[in-house]
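Thank you all for coming this morning.

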Amino acid sequence: MNENTKTLIFVAIMCVVVAALLAGLRGVTYETAIENEKIFNQRAILLALGDNLPTPVDALSDEEVQNIFQEQMKSSVAVDVEGEVIGDINPLEIRLDEERKKDLSERKFPLFVYENSGEKFYIISMRGNGLWDEIWGNMALESDVATVAGVSFDHAGETPGLGAEIKDNKNWVNQFSGRSVLSDYNGKYTGVIVRKGGAKDKKYEVDGLSGATVTADGVTDMIQQYMSYYEPTLQKLKADGKLGMK
Amino acid sequence: MAETLETKKTAAEPLFGKKERKLIVDPLNDNNPITVQVLGICSALAVTSLLYPSIVISIAVVFVCAFANVITSLLRNNIPKSVRLIVQLVVIATLVTVVELVLKAFSYPVYKNLSVYIGLIITNCIVMGRLEAFAMANKPWRSFIDGIGNGLGYGAILIIVAFFRELFGKGTLFAGTPIAMNIIGPDSPAVDYWLNTNAEWLSWYSNNNIAVLPAAAMFIIGILIWVQRSYNQKLVDVS
């Protein structure tokens, strides 16, 4: 056997062995990984509720997280841009990164409803662009459908210490609580603005992040954009607390 | 004559003798991958902003380094010369993918936190450097020890850097785990709890943002190299 044939055989065997090994391992761990991702996302949604949750999200076990979604959040729905409920869709299965690519009229948006001893919270999900990559988040609104109860943001690749502060800096995130997304001036949902140099109007604005202007502007744009998408839904909820079926 | 030679040979090679000890201890100090060989700097700067992910990635590198060494060492006589580097890369990439899949299944938040850096172990110069320099010429057991030694040497620096960066950047230690401790800063219940005193004297500290950025790791590694060389004179002027 000459040198080249030997090399080719070696490489071929190596490829088959490695491919089989990795495919097998992925097959074994796939289910658990999907489950983990689901719980990870559920925790992010609950994180937006902040102090309105009886126990902090970090202290909840995986089962408790799923229980909250099954019991206290069972009236969660998927809505379209007209504010109509789309039946038969689990809002947890909506992937906003894929929805973003669709035509606006075909997009689905999750609306999570959290009920705790008669109090209702509405949680919406958003996705936008930061400096390097996508950013996303969840915003919880109180039962008046105007006051922010809390937010949680995450990002794919913002700079630690600068843009990544939208996730890591709890003091900054906590500023959103108590702000209003509903404008008194025109009765529309305009969102909360991240103001560079410090909030001027404490009702609608929060302080910017020094060194992270582009990411902060990305947050503002993302909130504004998704407020316009959710506007019909939120207006209906505000008017009578109910949504029509499609 | 032949018999005495043979006994001498087996006696000279115990399972864990002086040479093996040297393979573990050397990379920790005299031949540290980061502070002496200056390899693997990129990941040492990138992943060390928090202690817990640094520990996870250190364990991952120890694992990858040790087993890549063993596998390469086992194959060393059969690997065709012309595809030597490709085979080494495939071995490393396979092990790193194993680490990634396992983390994804058993510790998803950490997987999310480390994101691309797990994949970047593949390009970590330490692993490939050990395969090429050591495993291609040594027996499996010794290669295994060499891999563990180098992984530990790398991990030790990573953990020291991460300790200082997390402490001064966030005022916490082990953030993101059940034993997360808030050490310094405005609210440090840990100090309050452990020392059972009022920790207000520690609350003057406000987080240093530079420590969160990779630049801080550069300074800390620089200081580590300085400290190490002032103790270990034989490292001075190795270049």
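Side chains of opposite charge can pair when their charged atoms come close. A:Lys102 is partly exposed, with a relative accessible area of 31%, whereas A:Glu99 is buried at 5%. By these words I mean under 20% relative accessible area for buried, over 50% for exposed, and partly exposed in between, with a 1.4 Å probe and protein chains only.

Before I go on, please keep in mind that this is a predicted model, in which local features need pLDDT of at least 70 and side-chain atom pairs count only at pLDDT 80 or more, while totals for chains, interfaces and linings use all residues. Residues are numbered from 1 along each chain as its sequence is written, chains are lettered from A and ligands numbered from 1 in the order in which they are written, and side-chain values use heavy atoms, with hydrogens and water left out.

How many salt bridges does the rule count over all chains? The count comes to 17. One of them joins A:Arg127 to A:Glu134, at 2.7 Å from N to O, and here both residues are buried. In another, A:Lys203 pairs with A:Asp184, and the closest N and O atoms are 2.6 Å apart. This pair links distant parts of the chain, since A:Lys203 sits in the loop between β7 (193-195) and β8 (205-207) of chain A, and A:Asp184 in the loop between α5 (170-174) and β7 of chain A, 19 residues apart. The helices (H or I, at least four residues) and strands (E, at least two) that I name are DSSP runs, numbered from the N terminus. A:Lys203 is partly exposed at 35% relative accessibility, and A:Asp184 is exposed at 57%. There is also a network of salt bridges that links A:Arg95, A:Asp97 and A:Glu98.

Now to the place where the chains meet. In all, 20 residues of chain A are in contact with 22 residues of chain B, contact meaning heavy atoms within 4.5 Å. The size of an interface is often given as the accessible area lost when the parts come together. Between chain A and chain B the buried area, which is the accessible area (1.4 Å probe) lost on putting the two parts together and summed over both, is about 1900 Å², and carbon and sulfur atoms give 77% of it. The rule finds one salt bridge across this interface. B:Lys170 forms a salt bridge with A:Asp168, with the closest N and O atoms 3.7 Å apart. On the side of chain A that touches chain B, α1(A) gives the most, with 15 residues.

Let us turn to chain B, which has twelve helices and two strands. Of its 239 residues, 44% are buried. Which residues touch the most other members of the largest nonpolar core? They are B:Ile34, B:Val64 and B:Ile121, in a core of 46 residues; such a core is a set of buried Ala, Val, Leu, Ile, Met, Phe, Trp, Tyr and Cys residues joined through side-chain atoms within 4.5 Å. To this core α5(B) gives the most, with eight residues. Leaving aside neighbours within four places in sequence, B:Ile34 is in contact with several residues, including B:Leu39, B:Tyr154 and B:Ile221.

As a last stop, is A:Pro54 buried or exposed? A:Pro54 counts as exposed, at 63% relative accessibility, and lies in the loop between α1 and α2 (62-71) of chain A. Beyond its neighbours within four places in sequence, A:Pro54 is in contact with A:Tyr114 and A:Asn116. The C-alpha atoms of A:Pro54 and A:Asn116 are separated by 8.9 Å, although the two residues are 62 residues apart along the chain.

Note on methods. Salt bridge = Lys/Arg side-chain N within 4 Å of Asp/Glu carboxyl O.
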